Amino acid sequence: MEIVIAGSPRKGMYSDRFAQAWCDETGAELIYARSVNVGPCHGCGWCKGKGNGKCVQKDDMPEILEKIRKADRLTIFSPIYWWQVTAQTKLILDRLYPISEDEWKGKVITVVMNGAAEDDDKEFELLKAQFQEMADYIHADLRFLGVGTEDDAHFEKSLEKVKALAKEA
Ligand SMILES: Cc1cc2nc3c(=O)[nH]c(=O)nc-3n(C[C@H](O)[C@H](O)[C@H](O)COP(=O)(O)O)c2cc1C
């Protein structure tokens, strides 16, 4: 089972199209970060103590957490905003905190990030290194792809790379 998070605020644009193509190939369930009611992590630590892996907030995240727990793959598509994921993506990333290291172990996390920069831009190296540290920390397996989507021509080339990675999954 695989869960895909699509993190763009822009409906039907490049990363949405990547995510849709990915799900067409893999049959994964697609969640649009902009469409769910997920607030910021309060940092209360309840999930790590009394909550025993549950989040104290009553929004859409508890249901998403259970789906991710059941999945062996989590795939995140996010446009790059200021050398980082979008705010919509970050809300969900922070709220993954209740999932323990033991639960992450063996899961495959794929991160596909797109930006206006060319494919060989340093920003992709920086982002990959950061996600690698995060994956190592929770003992998950990371796959990372950074691609340019400056315009439709760049998007079409990048879509081929995304589809190739989906086929490997
Ligand atoms: C606020 C903002 C910040 C951005 N920062 C970056 C950036 O740091 N690097 C980059 O390559 N592109 C940056 N971009 C461009 C977007 O990543 C690019 O337009 C991307 O194709 C949007 O993806 P989408 O079509 O899936 O929404 C930025 C765009 C916005 C609106």
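**Terms and their grounds**

Analyst: Strand E1 (residues 2-6) and strand E3 pair in the parallel sense over five bridges. This is a predicted model, in which local features need pLDDT of at least 70, side-chain atom pairs count only at pLDDT 80 or more, and totals for chains, interfaces and linings use all residues. Residues are numbered from 1 along each chain as its sequence is written.

User: Why are E1 and E3 said to pair?

Analyst: Two strands pair if DSSP finds at least two bridges between them. One of the bridges joins Ile5 to Ile76 in E3. E3 also pairs with strand E4 (residues 108-115), again in the parallel sense, over seven bridges, and there Phe77 has Val112 as its bridge partner. Strands (E, at least two residues) and helices (H or I, at least four) are DSSP runs, numbered from the N terminus.

User: Why is Ala6 called buried?

Analyst: A residue is buried if 20 or more other C-beta atoms, placed from the backbone, lie within 10 Å of its own, exposed if 12 or fewer, and partly exposed in between. Ala6 has 28 other C-beta atoms within 10 Å, and is therefore buried. Ala6 lies in strand E1. Leaving aside neighbours within four places in sequence, its contacts (C-beta atoms, placed from the backbone, within 7 Å) include Ser15, Leu30 and Phe77.

User: What makes E3 a mostly covered strand?

Analyst: Six of the seven residues of E3 (residues 73-79) are buried.

User: How do you know that the buried residues of helix H2 are on the same side?

Analyst: In H2 (residues 61-70), the residues Met61, Ile64, Leu65 and Ile68 are buried. They cover an arc of only 105° around the axis, which puts them on the same side of H2; the arc is that of the directions from the helix axis to the C-beta atoms. Glu63, Glu66 and Lys70, on the other side of H2, are exposed. The cover over the buried residues of H2 includes E1, strand E2 (29-32) and E3.

User: Which residues touch the most other members of the largest nonpolar core?

Analyst: A nonpolar core is a set of buried Ala, Val, Leu, Ile, Met, Phe, Trp, Tyr and Cys residues joined through C-beta atoms within 7 Å. The largest has 33 residues, of which Val4, Ile5, Phe18, Trp22, Phe77 and Val111 touch the most other members. Not counting residues up to four places away in sequence, Trp22 touches Val4, Ala28, Thr75, Val162 and Ala166.

Terms used: Contact = placed C-beta atoms within 7 Å.
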